[in-house]
Amino acid sequence: MSLETIAENRCFGGTQGVYRHNSRATGTDMTFGLFLPQEAQHGRVPVLWYLSGLTCTHENAMTKAAAQEWCAEAGIAIVFPDTSPRGDAVADDDAYDLGKGAGFYVNATQDPWKPHFQMWHHVVHELPELISDNFAIDREAMGITGHSMGGHGALTIAMTHPDRYKSVSAFAPIANPSESDWGRKQFSAYLGDDKAAWRSHDSTVLMTERGYPGEVLIDQGSGDQFLDLLKPEALAHAMMARRQPGHFRMQPGYDHSYFFIQTFMADHVMWHAERLL
């Protein structure tokens, strides 16, 4: 896979880069952001994957989440993948929550989405290989986090591949998509009407069935305008029933915005750093 440098900027002693490559998984050009701390000049560093939410590209969290300062302090890299394939040939929908910007981190099995919407494979397999081949990151020390749709992706990926991800956290994840309009619509489109295929992409179901071998950190704002769609109580109950180690924190008054993410980003980066370093 060829790699094109779009931009590289000095940032907190390290480098914030933006890169493009031709993805075999999606059959399109894909863009991602990567912050490398100064320690990466001398050897491989742990890496945190940040999965963004609906309507976002690689750029939103890269510029709004205020993660680089804390990653530089901890000496870890952070990757900002895109949320879907892009391009004129890529299927789309008029709604903001389906199609471009709304890949839901699944491998689509249904047309017209199947040819390009292979975001699970892109994030879990393709990008780690590409980045470790071209940059000084340690694939044996990876953590994963995300916001909203990205929180859903981070939790389901980590619980499916706990051997790959040594730490996991989430900001306001879509916690029970099989029972939410943020999930049923997209799963029907991407995966078909057989609800058995949905179960492996529902963090509440996965928490009930398998959990995560380490601790889990989840932050949810009590003032989030999307609480009825996110269904945090379902995941919180599943964690309690399983006696899952970790923390589910309901933060008073916080909404779904990047101001919420900025407020608790330091906690999440340091949470991952403690488990990766």
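C56 is buried in this predicted model, at 7% relative accessibility. Buried denotes under 20% relative accessible area, exposed over 50%, and partly exposed the range in between, with a 1.4 Å probe and protein chains only. C71 is also buried, with a relative accessible area of 0%. The structure contains zero disulfides, a disulfide being a pair of cysteine sulfur atoms within 2.5 Å. For C56, the nearest cysteine sulfur belongs to C71 and is 17 Å away. For C71, the nearest cysteine sulfur is that of C11, 9.6 Å away.

The model is predicted, with local features requiring pLDDT of at least 70 and side-chain atom pairs pLDDT 80 or more, while totals for chains, interfaces and linings use all residues. Residues are numbered from 1 along each chain as its sequence is written, and side-chain values use heavy atoms, without hydrogens and water.

Backbone geometry was examined next. Most residues other than glycine have a negative phi, and most peptide bonds are trans. The peptide bond from D111 to P112 is cis, with omega near 5 degrees. P112 sits in the loop between β5 (77-81) and α3 (119-134). Helices (H or I, at least four residues) and strands (E, at least two) are DSSP runs, numbered from the N terminus.

F104 lies in the loop between β5 and α3. Its phi is positive, near 60 degrees. F104 is buried, at 0% relative accessible area. R243 is not a glycine, yet has a positive phi of about 60 degrees. R243 is located in the loop between α8 (232-242) and β9 (246-251). At 74% relative accessibility, R243 is exposed.
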